Amino acid sequence: MPKSIIAQGAEAKLFLEDNRILKQRFPKKYRIKQIDEKLRGFRTRREAKILQKLEAINFPAPRLISNDEKENLVIENVRGNLVKDILEKSDYKKLCSDIGKKVAILHNNLIIHGDLTTSNMIFNKEIYFIDFGLSFFSEKAEDRAVDLHLLKEGLESKHYRIWEKCFRCALEAYKKEAKKSVETLKRLEIVEKRGRYRRKGS
Ligand SMILES: Nc1ncnc2c1ncn2[C@@H]1O[C@H](COP(=O)(O)OP(=O)(O)O)[C@@H](O)[C@H]1O
Ligand SMILES: [Mg+2]
């Protein structure tokens with residue numbers, strides 16, 4: 001199968017080839033070359049590390065196939081639809097409970113996703129999370145709370161007709177699954193009072 005481009009974001013191009021995805025972080029001309037290389041390398045390695053951890057805990061995310069430690073990741077192609085495109089036409093309460101439960105599993109494993117939008121989730125029998133480019137390991141309630149807050153903002157902006165029900169279902173499921181949910185939800189209240197967050201590219 002020839003290589004075809006499937007997406008181009010602010011920092012990476014994605015190609016599909018032989019049912020694998022190449023995620024290539026391309027150079028940014030406006031950055032100083034050494035800094036640009038360092039940053040792309042750091043993010044590529046960090047995303048690879050998170051994907052390996054996710055495989056170890058059997059979390060539904062693309063499997064890492066290879067990593068050049070500089071700018072290229074080869075990952076498994078997850079078939080299915082972006083949750084963004086199907087949420088409104090589906091049993092959205094069920095999907096959002098699944099999302100909440102899975103965010104809790106990430107947090108229980110000290111993983112903060114960093115960009116929890118429905119464009120970074122694929123539905124195929126269950127929800128797979130993708131795009132761990134902004135993910136990191138953390139034990140802080142603050143980081144977990146911001147992750148949940150960004151989920152809320154993403155729902156609000158892309159699914160404004162149903163977002164409240166969606167977020168409620170996600171939080172309910174999160175509470176059941178998360179180990180430190182009391183602390184995290186208390187922190188979420190503080191985060192909400194502080195105001196809006198900027199996500200990448202905005
Ligand atoms: N493993 C994957 N399987 C299937 N599609 C993917 C996969 N990774 C990314 N995509 C598609 O490419 C898009 C952009 O990839 P993503 O990793 O989210 O990069 P960006 O940082 O540009 O948002 C996704 O929204 C999705 O449509
Ligand atoms: Mg993305």
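Domain bounds, as used here, come from an automatic or database domain assignment. For the chain in this predicted model, that assignment gives domain 1 (4-76) and domain 2 (81-194).

**Figure 1. The whole chain, start to finish.** Let's get our bearings before zooming in. The chain holds six helices and 10 strands. Its radius of gyration is 17 Å, close to the 17 Å that the globule rule gives for 202 residues, so the chain is as compact as a globular protein of that length. Along its principal axes, the C-alpha trace spans about 45 × 35 × 30 Å. Buried residues account for 35% of the 202 residues. Now look at who touches whom: of the contacts between residues at least 6 apart in sequence, 66% join residues at least 24 apart.

**Figure 2. Where domain 1 meets domain 2.** Taken over C-alpha atoms, their centres are 22 Å apart. On one side, 11 residues of domain 1 take part, and they are in contact with 12 residues of domain 2. The domain 1 side of this meeting place is made up of seven nonpolar residues and four charged ones, with no polar residues.

Figure 3. Strands of a sheet pair through backbone hydrogen bonds, either parallel or antiparallel. In this open sheet the pairing is antiparallel, and the five strands come in the order β1-β2-β3-β5-β4. At the edges stand β1 (4-8) and β4 (64-67); each has a single partner strand, so one side of each is left without a neighbour in the sheet. On average, neighbouring strands are turned by 20° against each other, direction ignored. Helix α1 (residues 33-56) packs on the sheet and touches β3, β4 and β5 (72-76). The direction of α1 makes about 155° with that of β4.

**Figure 4. A closer look at β2, β3 and β5.** Start with β2 (residues 12-17) and β3 (residues 20-25): these run antiparallel and are joined by six bridges. To pick out one pair, find Lys13, whose bridge partner in β3 is Gln24. Next, follow β3 across to β5, where five bridges join the two antiparallel strands. Leu22 is a handy landmark, standing opposite Val74 in β5.

**Figure 5. The hairpin of β4 and β5.** These two strands pair in the antiparallel sense over three bridges. One pair to look for is Leu64 with its bridge partner in β5, Ile75. Four residues lie between the strands of the hairpin, and Glu69 takes a positive phi near 65°.

Figure 6. On to another open sheet, with three strands in the order β6-β8-β9 and antiparallel pairing. The edge strands are β6 (81-82) and β9 (126-129); each has a single partner strand, so one side of each is left without a neighbour in the sheet. Two bridges join β6 to β8 (residues 121-124), and these strands run antiparallel.

Definitions and conventions. Residues are numbered from 1 along each chain as its sequence is written. Chains are lettered from A and ligands numbered from 1 in the order in which they are written. This is a predicted model: local features need pLDDT of at least 70, side-chain atom pairs count only at pLDDT 80 or more; totals for chains, interfaces and linings use all residues. Two strands pair if DSSP finds at least two bridges between them. Axes are lines fitted to C-alpha atoms, for helices over the stretch in contact, and angles run from 0 to 180 degrees between N-to-C directions. Two residues are in contact if their C-beta atoms, placed from the backbone, lie within 7 Å. The radius of gyration is taken over C-alpha atoms; the globule rule is 2.2 Å times the number of residues to the power 0.38. A residue is buried if 20 or more other C-beta atoms lie within 10 Å of its own, exposed if 12 or fewer, and partly exposed in between; C-beta atoms are placed from the backbone. Ala, Val, Leu, Ile, Met, Phe, Trp, Tyr, Cys and Pro count as nonpolar, Asp, Glu, Lys and Arg as charged, and the others, Gly among them, as polar.
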